[in-house]
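Colleague: Can you walk me through the helix packing in this one? I'd like to go pair by pair, then look at a few local details.

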Amino acid sequence: MRTATYFFIFLNLSLALFEEPAVYPLPFLATSVLEVLCLLVFLGRLTHFAKVTLHNVFWKDTKNICIMVAILLSLTDLAIYGILKLYDVRSIRWSRIMRPIFLINFAESRQIRRAFRSIRNTLPEITYVFLLFMFSLLMFSLMALKLFGERNLQTAEGLPYFRNYLEIVFDLYVLVTTANSPDVMMPAFDFSSWYALFFIAFVIVNTYIFMSLFLAVVYNNYKKHLKVMPGGACD
């Protein structure tokens, strides 16, 4: 039963590869039949679970309610999408974002729920470090606007360089990952090599200090919640 449940959960999640817009597109009828099959299997598994569980216990379990609501909404969305497609009306499958609910809420997924709850309990405790990081990012972006905004610099593509605050925030956010390094600093470096000190300071503070601190806080808090959570706490 566990293997069959995981198989159909995997099949349901993998439909995103074949539904429009798709990596490997399949006809709508094929993907809809597979999705209905998966939902029927989930409904059957839930019905089986209801028959071996006390009535009051079953209906008080929020996991079962989540699964039932996800099945109902998925079928409703599928029906609406199919009707609109018949009339050549473009729409989106908004119920796709609900598919991970089946992975988390079935009784076979205790370890996944345990990890999920640990992540959820960790989030409030890393908020302060994240806010400090965002404050540093916003301050560096403001300094970049003051340093380069009035220099009339241009990128290699001929676009304005560091003149819009929100674009600066995004570019420096990407620089934290070093994905756009050193391209992001080259217009300023070509104007004056001393401007490289600004980007060096930014990388040291945000990439090496804040990201290391952020990772340490996430790891320590996640490990703490994973240890203190009893084996049956996820049920």
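Modeller: This is a predicted model. Helix 6 and helix 7 have axes 9 Å apart and pack at an angle of about 120 degrees.

Colleague: What does that make helix 6 relative to helix 7?

Modeller: Oblique; the angle of about 120 degrees therefore places helix 6 oblique to helix 7.

Colleague: And which hand is the crossing of helix 6 and helix 7?

Modeller: Right-handed. On the helix 6 side the contact uses F133, L137, L138, F140, S141, L142, A144 and L145. Helix 7 brings Y165, I168, V169, L172, Y173 and V176.

Colleague: How do the residues of that contact divide by class?

Modeller: Between helix 6 and helix 7 there are 13 nonpolar residues, 1 polar and no charged.

Colleague: Staying around there, where does F162 lie?

Modeller: F162 is in the loop between helix 6 (110–148) and helix 7. F162 is not a glycine, yet its phi is positive, about 55 degrees.

Colleague: What joins S181 and P182?

Modeller: A cis peptide bond, with omega about 0 degrees. P182 sits in the loop between helix 7 (165–176) and helix 8 (186–191).

Colleague: Now the other end of the chain. At what angle do helix 2 and helix 4 pack?

Modeller: About 160 degrees, with 11 Å between the axes of helix 2 (residues 28–51) and helix 4 (residues 62–86). The two helices are therefore roughly antiparallel to each other. Helix 2 passes helix 4 in a left-handed crossing.

Colleague: Which residues make the contact?

Modeller: From helix 2, F28, S32, E35, V36, L39, F42, L43, L46 and F49. From helix 4, N64, I67, M68, I71, S74, L75, L78, Y81, G82 and K85. By class, the contact of helix 2 with helix 4 holds 13 nonpolar, 4 polar and 2 charged residues.

Colleague: How do helix 1 and helix 2 cross?

Modeller: Their axes come within 9 Å and cross at roughly 145 degrees. Helix 1 passes helix 2 in a left-handed crossing.

Colleague: Change of topic. How many salt bridges?

Modeller: The count comes to 9 salt bridges.

Colleague: Where in the chain are E19 and R96?

Modeller: E19 is in the loop between helix 1 (2–14) and helix 2, and R96 is in the loop between helix 4 and helix 5 (100–105). The pair links distant parts of the chain, 77 residues apart.

Note on methods:
Residues are numbered from 1 along each chain as its sequence is written. This is a predicted model: local features need pLDDT of at least 70, side-chain atom pairs count only at pLDDT 80 or more; totals for chains, interfaces and linings use all residues. Side-chain values use heavy atoms; hydrogens and water are left out. Axes are lines fitted to C-alpha atoms, for helices over the stretch in contact, and angles run from 0 to 180 degrees between N-to-C directions. Helices (H or I, at least four residues) and strands (E, at least two) are DSSP runs, numbered from the N terminus. Angles under 35 degrees count as roughly parallel, over 145 as roughly antiparallel, 65 to 115 as roughly perpendicular and the rest as oblique. A crossing is left-handed if the near helix is turned anticlockwise from the far one by less than a right angle, and right-handed if clockwise. Contact means heavy atoms within 4.5 Å. Ala, Val, Leu, Ile, Met, Phe, Trp, Tyr, Cys and Pro count as nonpolar, Asp, Glu, Lys and Arg as charged, and the others, Gly among them, as polar. A salt bridge is a side-chain nitrogen of Lys or Arg within 4 Å of a carboxyl oxygen of Asp or Glu.
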